[in-house]
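Please look over the sequence and the model below, then read the notes by topic.

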Amino acid sequence: MRTDDFWQLIDQARAGGGGEAEAVAARAVALLAERTPQDIVGYAHHQQRVLAASYRVDLWGAAYLINGGASDDGFEYFRGWLMTQGRAVFAAAVADPDSLAGLPRVRSAALSGEEFECEDMLAAPWDAYRKATASELPTPRDAVPVPDLNDFWDFDDEAEARRRLPKLAALFVEPPEE
């Protein structure tokens, strides 16, 4: 599976999903399960590459601000949600996590407290493979290296959040009044 095919499948899953992350994940599983086992393995490999590329301190800081905290698992699930938003949003967020402040749903979360996570999207290739073959997805031969996170900053430091992620900090450090 090529990278374009990976994102096209996610776009197909997004169509008709009403924007709900869990619905997108369920549709992705259904669409993947219709593919060959080799395609599902290819999708899993691309997903690992996408997750490795997004394993960035600044994006973790954005997830922390938006969700009111983000553990290791919480950051994984946030990136699962981010995948359900499609390639353009995902790429923009990896390049500039502060761009997430432009998403209407993120903006409204400053008032509602909605959190963005989708563990189901991370499990999509495993669930699809099991559904298609009645067996477990083979362990990837080549693990995708995860970048080293040496530049951690105190996500609770409001001044640092304002400096690094000014648009998100404007929404979540001092949320707007209703």
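This is a predicted model: local features need pLDDT of at least 70, side-chain atom pairs count only at pLDDT 80 or more; totals for chains, interfaces and linings use all residues.

In which helix is the place of H46? H46 belongs to helix α3, which covers residues 37–53.

- H46 is buried, because its relative accessible area is 8% and the cut-off for buried is under 20%.
- Leaving aside neighbours within four places in sequence, the contacts of H46 are M1, R2, T3 and F6.
- The side chain of H46 comes to 2.4 Å from the backbone oxygen of M1.
- Between H46 and F6 there are 6.9 Å in space, C-alpha to C-alpha, although the two are 40 residues apart in sequence.

- The buried residues of α4 are V57, L59, W60, G61, A62, A63, L65, I66 and N67.
- Just after α4 comes G68, whose phi is positive at about 70°.

**How α4 and α5 cross**
- Helix α4 (residues 57–67) and helix α5 (residues 72–84) have axes that come within 10 Å and cross at roughly 90°.
- Angles of 65 to 115 degrees count as roughly perpendicular, and α4 and α5 are therefore roughly perpendicular to each other.
- On the α4 side the residues that meet α5 are L59, W60, A63, I66 and N67.
- Their counterparts in α5 are D72, F75, F78, R79 and L82.

**T84 and C118**
- T84 is found in helix α5, while C118 is in the loop between α7 and α8 (119–122).
- T84 counts as buried because its relative accessibility is 1%.
- C118 is buried, with a relative accessible area of 1%.
- Leaving aside neighbours within four places in sequence, T84 is in contact with R14, A21, V24, C118 and M121.
- With neighbours within four places again left aside, C118 is in contact with A21, E22, A25, Y77, G80, W81 and T84.
- C118 and E22 are 96 residues apart in sequence, yet their C-alpha atoms are 6.4 Å apart in space.
- The side chains of T84 and Q85 are joined by a polar contact of 3.0 Å.

**D98, a buried residue with no salt bridge**
- D98 sits in the loop between α6 (87–95) and α7 (104–112).
- D98 is buried but has no salt bridge, and K167, the nearest side chain of opposite charge, is 5.1 Å away.
- The side chain of D98 does reach the backbone nitrogen of K167, at 2.9 Å.
- Leaving aside neighbours within four places in sequence, D98 is in contact with L165, P166, K167 and L168.

**A134, an exposed loop residue**
- A134 lies in the loop between α9 (124–133) and α10 (158–164).
- A134 is exposed, because its relative accessible area is 72% and the cut-off for exposed is over 50%.
- The phi of A134 is near 60°, a positive value in a residue other than glycine.
- Most residues other than glycine have a negative phi.

Methods:
Residues are numbered from 1 along each chain as its sequence is written. Side-chain values use heavy atoms; hydrogens and water are left out. Helices (H or I, at least four residues) and strands (E, at least two) are DSSP runs, numbered from the N terminus. Buried means under 20% relative accessible area, exposed over 50%, partly exposed in between (1.4 Å probe, protein chains only). Contact means heavy atoms within 4.5 Å. A polar contact is a pair of N or O atoms within 3.5 Å; within protein, one must be able to donate a hydrogen and the other to accept it, and residues adjacent in sequence count only if both atoms are side-chain atoms. Lys and Arg count as positive and Asp and Glu as negative; His and the chain ends are not counted. A salt bridge is a side-chain nitrogen of Lys or Arg within 4 Å of a carboxyl oxygen of Asp or Glu. Axes are lines fitted to C-alpha atoms, for helices over the stretch in contact, and angles run from 0 to 180 degrees between N-to-C directions. Angles under 35 degrees count as roughly parallel, over 145 as roughly antiparallel, 65 to 115 as roughly perpendicular and the rest as oblique.
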